[in-house]
Amino acid sequence: MKRFFFSRRLAWIIPVASLLAGASSAVLVSTIEQYTQAETTDGKLSAAEPSFAQDSAPDAETVNPNDAAENAQTLNSSEQSDPTKSGSDNSFLLPNGRPSLSPLPAPAETWECEVAVVGGSLGGVAAASHAMRTGAKTCLIELTPWMGGQISSQGVSAVDESRNMLERNNFSPSWQSFKDFILQQPVTLPAWTGITAPLTVAQINSCWVGRLCFPPQVGAVVSQEWLKRAAQYSTSSKWSAFTAFKGAEFDETGRFITAIYAVRRSPRESGYVPQGRPSVELATWYAWEDDATFRKTPIKLQPPPGKRMIVIDATDTGEVVGWAKVPLRIGSDSRNTTGETNAADFDNPECTQAFTFPFAMGIRADGGQSIKTLEYVQSFYPRAEHMRVYTLEGVPMFHGRSFFNYRRIVSLNRSDPFFGSPVLNDITLVNWTQGNDWNWMNPPLILTPEKLMQTGQYQNWMGGVSLRSMRHAENHALMFAHWLLEQPPDPALPLAYLAGADSPMGTVSGLSMLPYIREGRRILGRSAYGQTEFMLREADLREDMEGRDFRATAVGVTHYDIDIHGCRYRNWEPTGEAVKASVKEYYIRPVQIPLESLIPQGVENLLVGGKAIAATHIATAMTRIHHGEWTIGSAAGVTAGWLVDQPDLQPAQIVPQGKMPQLQQYMIEQGLRLDW
């Protein structure tokens, strides 16, 4: 069996024959013991315990878990408050109003880009591939080792789609072609299955969350190959995984991005495997400096001489807009703010939707080794608090419309997921609301502008997220896996947790490389459709409310439930969440995404290509799903590529100058769909 790893080359590609393998019990234990990190009482990391046991030390949270000071407590230096940078101190700003990077190493590489895509998420892959297909010289950087976001590094390779759209088959040619390409991919199953001949995704695809479920490693391969195919139209384009966004450079007006800065890390060992513990890893992934695991290369992305560069923020948390101080909203919105019927009573920037660390489980006998290994998991919060959340909600574990069949990514007999049963060596992906969802805001995941100032991230961007929040979510997911293994067994269907280098997630811990982030920062759009600061709103989505007609500026169409995964505090104090706005898709009209939702305020050459579009907390709960993200990314990529040949036209000028019909026609020619 071939070992699954990545080379240090810029345009890496995984051998398809090495797609999917499963760690044996011995490998599972040894890989856990290989990475030994624990937290000491001063919040620093030391080599002490297995990597699952990071929370055994005392912490102030256990004394007063709801103290407001908790959010300032940190896992490592990337979240430590700098007393010299108070919330009112703007000394980090340049005269043009944008942040000043410090340190800023001299770039070892300079890339020339007509379109620069930050974030190799699902939307980022769509944006970069469509920009390349227009002929634009395109650059793409991605933080993790895998391109694809939701379908790869975030472990949500079970595609949620509107049943109405599936029945009508009215997806865009772009999205349908991408899904068809996934179905064709060969998958080499783990050695423990005894199956040596590769099978295609179509031969193992049978789940009931949707019509397409597959191993996350397939998502990484497909995303990489999709970019390679698109690069035939723009041979000087390039992209790089293992590359973190660090900041940008603006012109003297502060309205045009003139450069993007990034740092690429090259693993020192060819067999490098991510830990699947970003609470530990992100600090090194974003740092400029070499370390024991990586060599670092500072990179600068800039336009070709005499040209401009269109930048697309396709990160799931809105890293570019967050760092650049673009007007935005975070968390839930109140009725007073948005006028939405089912909005919250008050604004709460801490209340973004729950995020999740998916993992995989297989039907195989491992002698109880995986459950023994998961016993190492400890938490700052009492274990009982985690356990109270876990439930299968009356859903059977294996048979019929079951928990296992829900997101089954390997089905060897392709039994009917609604009525059949899995068989030995089947594998499922776990993304379960009353399981590994993490919705606690102690502390919140997305750092607010005030917290970014306090932590010095405007000068030295480190991802803009709380590593402590991620750590709680990691442990919550691992303990849910342990809970599942403790349920009454079915002797014919032994369940095992899959971890290690050859597991579906490709990580030591067995968790996804990054969590599935449903909601991050959201831009405020410019004046449009009767709003001073445009945002898609609840009424624009619902059949029973009077919405707006976006056909004149539509760049895509999507449809799904309003599916809000809520937030809460440990002591159940009011949250400002809007869960009551959740409704099934039969209440939702086909939603046309207007160009205005992709264009932020204050920056002329920036577009959004993913979850950070101008939409309210409620509306984002519909647009965030796989197809919605692909639709938004595709629109941003085609728009950016089209603008390359319109050098005097800015994104915000397209509509006022009457250019929208030309752009829409071009989008249709590029495989996008603009109507229902």
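Guide: We will talk about the disulfides and then about the core. This is a predicted model, where local features need pLDDT of at least 70, side-chain atom pairs count only at pLDDT 80 or more, and totals for chains, interfaces and linings use all residues. Residues are numbered from 1 along each chain as its sequence is written, and side-chain values use heavy atoms, with hydrogens and water left out.

Visitor: How many disulfides does the structure hold?

Guide: There are three disulfides, each being a pair of cysteine sulfur atoms within 2.5 Å.

Visitor: What does C351 join to?

Guide: C351 is joined to C567, with an S to S distance of 1.9 Å. This pair links distant parts of the chain, 216 residues apart.

Visitor: And why is the disulfide of C113 and C139 left-handed?

Guide: The torsion about the S-S bond of C113 and C139 is about -95°, so that disulfide is left-handed.

Visitor: Is C113 buried or exposed?

Guide: C113 has 0% relative accessibility, so it counts as buried; buried means under 20% relative accessible area, exposed over 50%, and partly exposed in between, using a 1.4 Å probe and protein chains only.

Visitor: New topic: which residues have the most contacts inside the largest nonpolar core?

Guide: Those are F359, L484 and Y497, in a core of 189 residues. A nonpolar core is a set of buried Ala, Val, Leu, Ile, Met, Phe, Trp, Tyr and Cys residues joined through side-chain atoms within 4.5 Å.

Visitor: What does F359 touch?

Guide: Leaving aside residues up to four places away in sequence, F359 touches several residues, including L484, Y497 and M505, where contact means heavy atoms within 4.5 Å.

Terms used. Helix = DSSP H or I, 4+ residues; strand = E, 2+ residues; numbered from the N terminus.
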